[in-house]
Amino acid sequence: MSAPIPAAGGVLARRTALARRTAALGRLAIRLRWPFRPGWLDAAWGVFSAINLVAILAFGDWETIPFHFIWISFTLLYGFRTWATRPTLWVLGAVMLTTATGIGLDVIRGTEPPAELTEVPLMAAMFVAMVWHARRKLAAENESRLVSEENARLLATQRRFLQDASHQLRTPITIALGHAELLASDLSGRQEGNDIGVILGELTRLRRIAERLMVIAAADDPEFLHPEPITLDSFIMEVLRRWRPTAERRWQLGRLDKVTVQADRERLGLAVDALLENAVRHTAEADVIKLSVTAPSASASASASEVRITVTDGGYGIPAELLPNVFDRFRTGDNRHPRGTGLGLALVRAVARAHGGEVLVRSWPGQGSDFELLLPDAPSPDAGASGAVSGMEVRGDHVRANLEGGIRRGAPGRG
């Protein structure tokens, strides 16, 4: 009854030994994984070259193949190894000497003509040309890496500066604004009231600049967005309800597709507010400002599969020479129109790109502008289904007409 125990123990020992050998082979395979370490490459190439050198000496009539094998393998080895200049020259000299010796012996024995010796310097010249290209490429890659690292460092420094500066500015601006509002309530003179009004306006503008700088600087932060499902037709109608009392414009809703996206509600609201603020600033009382939401159709191509929030205005438009830089920071347009912070459209672009989207603009001087905020399509949008509100038709060259169902302008704050 006790005999099976040693047998079982022997099986266990053999299995343990097999497992150890398998683990050792696994570690060897890891060490030999492609691309091989330079030490293994050097040793393998040395053995391979020695075998081919023996073949050159042993087979005088067949020396061409092993001779070229040595030089080709040497060139390939340098591609992996990339020695420094001195080791490269030493190895090159050794290869030239040994291969020239092998061919020289064949010439002495009469199995090869003397002209075969010219192959050695020719192959060496080919190798030197390859070394030059390899080193030039390596230098370019190092320079590119250094430039990339420096750019990343500068961008990180700029981002930290914007965050710190805007954060430090917010508190004193808020305090100064509060005191200015208190002074405004106590002043009775017209001139003093005008003066304090200017102070309040500039302080408000400074606070808006600080807040927008913080948003733009934080746009690359992984924690910048807190996405949630947002039904855009309801979202846009709520935005329009907030903005209607603020300015006497012909506020309208255009096409509203029922579509839900994953987005940060607060950041998206800031971006749409910035687009509407820009539209108000560049329109007059009788001009149209229209909001639309367009979902991609089922036949849309991959490049046109975004959900589009469009702000259309019938205002002054943007001169063609200003369009390429309209989303840059501190771009405030020309001097004919009310001055903004120069950060609103930059904020829109930062928010759009943080969501994986983009912002586009089309404008016609004297006829108006279209700003489109593009967002990635939702997983299951009800594409093509329109909301309860119809609106205006927008052509590529101008706003055509006011159709039925749009929210028409009344007196601010009414209705």
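**Exercise 1.** Determine why helix α9 (residues 344-354) is largely enclosed by the rest of the structure.

Solution. Start with the terms. Helices (H or I, at least four residues) and strands (E, at least two) are DSSP runs, numbered from the N terminus. Buried means under 20% relative accessible area, exposed means over 50%, and partly exposed lies in between (1.4 Å probe, protein chains only). Now count: eight of the 11 residues of α9 are buried, so the helix is largely enclosed. The buried residues are G344, L345, A346, L347, V348, A350, V351 and A352. Then look past the helix end: G356 follows α9 and has a positive phi, near 85°.

Two notes on the source apply throughout. This is a predicted model: local features need pLDDT of at least 70, side-chain atom pairs count only at pLDDT 80 or more, and totals for chains, interfaces and linings use all residues. Residues are numbered from 1 along each chain as its sequence is written, and side-chain values use heavy atoms, with hydrogens and water left out.

**Exercise 2.** Find the strands joined to β4 by bridges, and give their directions.

Solution. Locate strand β4 at residues 288-294. Six of its seven residues are buried, so "buried" in the sense above describes a mostly covered strand. Two strands pair if DSSP finds at least two bridges between them. Five bridges join β2 to β4, and these strands run parallel. In this pairing, W251 stands opposite I289 of β4. Six bridges join β4 to strand β5 (residues 307-313), and this pair runs antiparallel. Here K290 has T312 in β5 as its bridge partner.

**Exercise 3.** Classify A210 by accessibility, and give its C-alpha separation from L169.

Solution. A210 sits in helix α6 (residues 190-217). Its relative accessibility is 1%, so A210 counts as buried.

**Exercise 4.** Classify F69 by its accessibility.

Solution. Find F69 in helix α3 (residues 64-81). Its relative accessibility is 40%, so F69 counts as partly exposed.
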